[in-house]
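Subject: Handing over a structure

Hi,

Here is the structure I promised to pass on to you. Have a look at it first, and then read on for my notes.

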Amino acid sequence: IQKMMPDTILLSAQFELVTTTTCHLCNLTLSREIFLYQRISQKCSLFCSTPSCLLNLHDIYGAKALRNDDTGDTAAYFQIFACPTEKKRRKFIRICFRVAEFDDVLLNLDLARLWVRAFSWLLKDPAVDSTKIRGIFKAF
């Protein structure tokens, strides 16, 4: 996995990666060129064979924030949509992260939307001012 210099990291956080069979706490790192998530723990009993994933930003085509309709769940979610090349073929993937930093669903949804906004800005303009991206997270 390519090493990122600290000055190229625009955002980093810890969220749960949600799959159909497991959930893992992951470190997320976003730079101008790549999005990296690395599993740091496994909360469920099933084993995931991929401890980390590196996506080039040019393979990502979108992101969206969601909230759960379950009134007992205060978490929000954001999904990343990508088409990385695998063995000379494009593979369509959707990656979902659970945001549960706060006891308030609206605060969690705001944080998920901020990550989506950062992806959107980078996809539209890779040269976007990094202080603009980092600035939206000062409230958190």
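How many aromatic pairs does the structure hold? This is a predicted model, and the structure holds 10 aromatic pairs.

Tyr37 and Phe97 are both buried.

Another pair joins Trp115 and Phe119. It is tilted, with 6.5 Å from centre to centre and 40 degrees between the planes. Here both partners belong to helix H1, where they are 4 residues apart, about one turn of the helix. Trp115 and Phe119 are buried as well.

Next, the nonpolar core. The largest one has 32 residues, and those with the most contacts inside it are Phe35, Phe78, Phe97, Trp115 and Phe119. Which elements each supply at least two residues of this core? They are strands E1 (9-18), E2 (23-31), E3 (34-42), E4 (52-56), E5 (60-67), E6 (76-82) and E9 (93-99), together with helix H1 (105-124). Helix H1 gives the most, with 8 residues.

Leaving aside its neighbours within four places in sequence, Phe97 is in contact with Phe15, Glu16, Leu17, Leu28, Phe35, Tyr37, Ala76, Tyr77, Phe78 and Ile80.

Finally, the cysteines. How many disulfides are there? The count comes to 0. Cys53 is in no disulfide, as the nearest cysteine sulfur, that of Cys26, is 9.8 Å away, whereas a disulfide needs the two sulfur atoms within 2.5 Å. Are Cys26 and Cys53 buried or exposed? Cys26 counts as buried because its relative accessibility is 1%. Cys53 has a relative accessible area of 18%, and buried means under 20%, so Cys53 is buried too.

Enjoy exploring, and write back whenever you like.

Best wishes

Note on methods
Residues numbered from 1 in each chain as written. Predicted model: local features only at pLDDT ≥ 70, side-chain atom pairs only at ≥ 80, totals over all residues. Heavy atoms only, no water. Buried < 20%, exposed > 50% of the residue type's maximum accessible area, 1.4 Å probe, protein only. Core = buried A, V, L, I, M, F, W, Y, C linked by side-chain atoms within 4.5 Å. Contact = heavy atoms within 4.5 Å. Phe/Tyr/Trp six-rings, centres within 6.5 Å; stacked < 30°, edge-to-face > 60°.
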